[in-house]
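Please look through this report on charged pairs and a nonpolar patch with the structure open beside the text.

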Amino acid sequence: MSVPPSSEPTLWELHRAVSQLREDLRGDLAQLAARLDQVVTQDVYRADQRATEQRIGQVESALAGLRGEHDQITERADQQRREDQAQAAATRRLVVSSFVSPLLLMAVQLWLFSRGSAT
């Protein structure tokens, strides 16, 4: 079996195919280089992760502190409200003892006086 002479590529066709392969390879290498510019080493990645974890830890600490402050402020507000309620109750007792009680005693005395003079 012999291969007909027209089925083999010519030197010019081989040259064009190799040139095309070379251009494709250059494009692929350029894309690879562009991607490698975006890649970091494991050491840099680990350092970045440690820094991120430290920042998250600091934020968590600050948040815990703020929660504590919020709880203290809430407790103080509750205590102030209880004190205000106690003060209001004391004021009501004072009003009753200062104004209502003398009026009631005066009414009782007038009743007793009117009852005693009628006999």
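In this predicted model, Glu23 forms a salt bridge with Arg26, and the closest N and O atoms of this pair are 3.2 Å apart. Both residues belong to helix H1, where they stand three residues apart, so that about one helical turn separates Glu23 from Arg26. Glu23 has a relative accessibility of 45% and therefore counts as partly exposed. In general, side chains of opposite charge can pair when their charged atoms come close.

How many salt bridges does a search of the whole structure find? The search finds three, and they are set out below.

| Glu23 | Arg26 | 3.2 Å |

Asp78 counts as partly exposed because its relative accessibility is 24%, a value that is not under the 20% limit for buried residues. Arg81, at 45% relative accessibility, also counts as partly exposed. In the pair of Glu75 and Arg82, Glu75 is partly exposed with a relative accessible area of 43%, and Arg82 is partly exposed with a relative accessible area of 43%.

Apart from these charged pairs, there is a nonpolar surface patch of about 490 Å², made by Leu25, Leu29, Leu32, Leu36 and Val39. One of these residues, Leu32, has its place in helix H1, which covers residues 11-37, and Leu32 counts as partly exposed because its relative accessibility is 44%.

Definitions and conventions: Residues are numbered from 1 along each chain as its sequence is written. This is a predicted model: local features need pLDDT of at least 70, side-chain atom pairs count only at pLDDT 80 or more; totals for chains, interfaces and linings use all residues. Side-chain values use heavy atoms; hydrogens and water are left out. Patches are made of residues with over 30% relative accessible area and no salt bridge: like charges are joined within 9 Å, nonpolar side chains (Val, Leu, Ile, Met, Phe, Trp, Tyr) within 5 Å. Accessible areas come from the Shrake-Rupley method with a 1.4 Å probe; for residues, only the protein chains shown count as cover. A salt bridge is a side-chain nitrogen of Lys or Arg within 4 Å of a carboxyl oxygen of Asp or Glu. Helices (H or I, at least four residues) and strands (E, at least two) are DSSP runs, numbered from the N terminus. Buried means under 20% relative accessible area, exposed over 50%, partly exposed in between (1.4 Å probe, protein chains only).
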